[in-house]
Amino acid sequence: MNDMTTVTAEAKVDITESAARRLATLIAAEPGDGLMFRVAVTGGGCSGFQYNFSFDDTRQEDDLVFGRDGVTVLIDAVSLDLLKGAEIDFSKELSGAAFKVNNPNAASSCGCGKSFSTKM
């Protein structure tokens, strides 16, 4: 596995301070060491693609690694094509608290923000 992953500026995914803080809290509450936050894009949802969030303790060969404040975020190469330039945020609103992807590649998204269609 290649430990050195080169990510161009346009392929970069940013993690906000709020998201990193919430992830650190969630990871600390889980058993085991070395948990990372995985963000993936799969087909489905009401708009064509959907975001999937999970914890993982294993980095796959095609994963790109992003981080902030000691938190590691994994994104596979295929998903990264649909997430280039995106920002992963965590927000608390009256309707609830959730991770949110601010994705410049999304042409439209559903009302809940969990699925999107692309400009391509």
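User: Where is the place of asparagine 105?
Analyst: Quick ground rules: this is a predicted model, where local features need pLDDT of at least 70 and side-chain atom pairs count only at pLDDT 80 or more, while totals for chains, interfaces and linings use all residues. Residues are numbered from 1 along each chain as its sequence is written, and side-chain values use heavy atoms, with hydrogens and water left out. Helices (H or I, at least four residues) and strands (E, at least two) are DSSP runs, numbered from the N terminus. With that numbering, asparagine 105 sits in the loop between β7 and β8 (106–109).

User: Does asparagine 105 count as buried or exposed?
Analyst: Buried is under 20% relative accessible area and exposed is over 50%, with partly exposed in between (1.4 Å probe, protein chains only). Asparagine 105 has 17% relative accessibility, so it counts as buried.

User: Which residue's backbone oxygen does the side chain of asparagine 105 reach?
Analyst: The side chain of asparagine 105 gets to within 3.3 Å of a backbone oxygen. That oxygen belongs to leucine 82.

User: With which side chain does the side chain of threonine 16 make a polar contact?
Analyst: Threonine 16 is in the loop between β1 (14–15) and α1 (17–29), and it is buried at a relative accessible area of 13%. A polar contact is a pair of N or O atoms within 3.5 Å; within protein, one must be able to donate a hydrogen and the other to accept it, and residues adjacent in sequence count only if both atoms are side-chain atoms. The pair here comes in at 2.7 Å, and the partner is the side chain of aspartate 89.

User: What is the bridge partner of aspartate 89 in β7?
Analyst: Strands pair if DSSP finds at least two bridges between them. Strand β6 (residues 87–93) and β7 do it in the antiparallel sense over seven bridges. For aspartate 89, the β7 partner is lysine 100.

User: Which strands are the edge strands of the open sheet?
Analyst: Three strands form the open sheet, with mixed pairing and the order β1-β6-β7. An edge strand pairs on one side only, and that describes β1 and β7 (96–102).

User: Why does the pair of phenylalanine 53 and phenylalanine 99 tie together parts that are apart in sequence, and how many residues apart are they?
Analyst: Rings of Phe, Tyr and Trp (its six-membered ring) pair if their centres lie within 6.5 Å; planes under 30 degrees apart are stacked, over 60 edge-to-face and the rest tilted. Phenylalanine 53 and phenylalanine 99 make a tilted pair, 6.2 Å centre to centre with 50 degrees between the planes. Phenylalanine 53 is partly exposed at 27%, whereas phenylalanine 99 is buried at 13%. Because phenylalanine 53 lies in strand β3 (residues 48–56) and phenylalanine 99 in strand β7, the pair links parts separated in sequence by 46 residues.

User: Which residues form the one aromatic cluster?
Analyst: The structure holds five aromatic pairs. The cluster is formed by Phe37, Phe53, Phe55, Phe90 and Phe99.

User: How many residues of strand β5 are buried?
Analyst: Strand β5 (residues 71–76) pairs in the parallel sense with β2 (residues 36–44) over three bridges, phenylalanine 37 being bridged to valine 73. Strand β4 (residues 63–68) pairs with β5 in the antiparallel sense over six bridges. Strand β5 is mostly covered, and of its six residues the buried ones number five.

User: What is the phi of aspartate 69?
Analyst: β4 and β5 form a hairpin with two residues between them. Aspartate 69 is in that turn, and its phi is positive, at about 50 degrees.
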